[in-house]
Amino acid sequence: IVVGASELAKKTALLGALVISIPFTSIMAMIWLYKDTGDTEKIAAFSESVLWLVLPSLILFIVLPILLRRGWDFTPALAVGVVGTVLAYGIGLWAASSFGTVQ
C-alpha cells in the first residue's frame, strides 16, 4: 500500500494521498475484532478511540507543509511535525480520558 501510494503520488499527490488516507488497518482491525468477539460495543469503543487519536495525528499534516513552504529542510520539518504530533497525542489521550471515552 505504501509503495503504491508513493508511486501514485509521483504522478498526482491527491491520488497518492487518497490511497494512503483510507484507514485500511483500522478497517481490518474492526473486522478481526468483530469476528473474534461479535461484540459491537467493542467495535464502537475501538472506533471512538481511533477517532481521538486520528485528530492529534493531523498536526503532522498541518505543520509539515507550513514549515517546508517556509524554506525548512525536510528532516527538521518532519522532526518538528513528529514531535508536535506526539505532544498532541498526549493532549488527545488526556482529553479522551477526561471525557471517559478511552480506557
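## Buried residues of helix α4

In this predicted model, the buried residues of α4 are Ile43, Pro56, Ser57, Leu60, Leu64 and Leu67. The cover over the buried residues of α4 includes α3 (24-37) and α5 (74-99).

Helix α4 runs over residues 40-69 and has 30 residues. From its first C-alpha to its last, α4 reaches 44 Å, which is close to the 44 Å expected at 1.5 Å a residue.

## Fold and overall dimensions

The protein has five helices and zero strands, and its pattern along the sequence is α-α-α-α-α. The radius of gyration of the protein is 17 Å, whereas the globule rule gives 13 Å for 103 residues; the value is well over the rule, so the protein is more spread out than a compact globule.

The C-alpha trace of the protein spans about 50 × 35 × 15 Å along its principal axes.

## Burial and contacts

Across the protein, 16% of the 103 residues count as buried. Ser57 and Leu60 of α4 are among the buried residues.

For contacts between residues at least 6 apart in sequence, 39% join residues at least 24 apart.

## Surface and charge

The protein has an accessible surface of about 7,600 Å². Carbon and sulfur atoms account for 72% of that surface.

There are 6 positive and 6 negative charges in the protein. The mean position of the positive charges and that of the negative charges are 13 Å apart.

Note on methods:
Residues are numbered from 1 along each chain as its sequence is written. This is a predicted model: local features need pLDDT of at least 70, side-chain atom pairs count only at pLDDT 80 or more; totals for chains, interfaces and linings use all residues. Side-chain values use heavy atoms; hydrogens and water are left out. Helices (H or I, at least four residues) and strands (E, at least two) are DSSP runs, numbered from the N terminus. The radius of gyration is taken over C-alpha atoms; the globule rule is 2.2 Å times the number of residues to the power 0.38. Buried means under 20% relative accessible area, exposed over 50%, partly exposed in between (1.4 Å probe, protein chains only). Contact means heavy atoms within 4.5 Å. Accessible areas come from the Shrake-Rupley method with a 1.4 Å probe; for residues, only the protein chains shown count as cover. Lys and Arg count as positive and Asp and Glu as negative; His and the chain ends are not counted. The place of a charge is taken as NZ of Lys, CZ of Arg, CG of Asp or CD of Glu. The expected span of a helix is 1.5 Å times one less than its number of residues.
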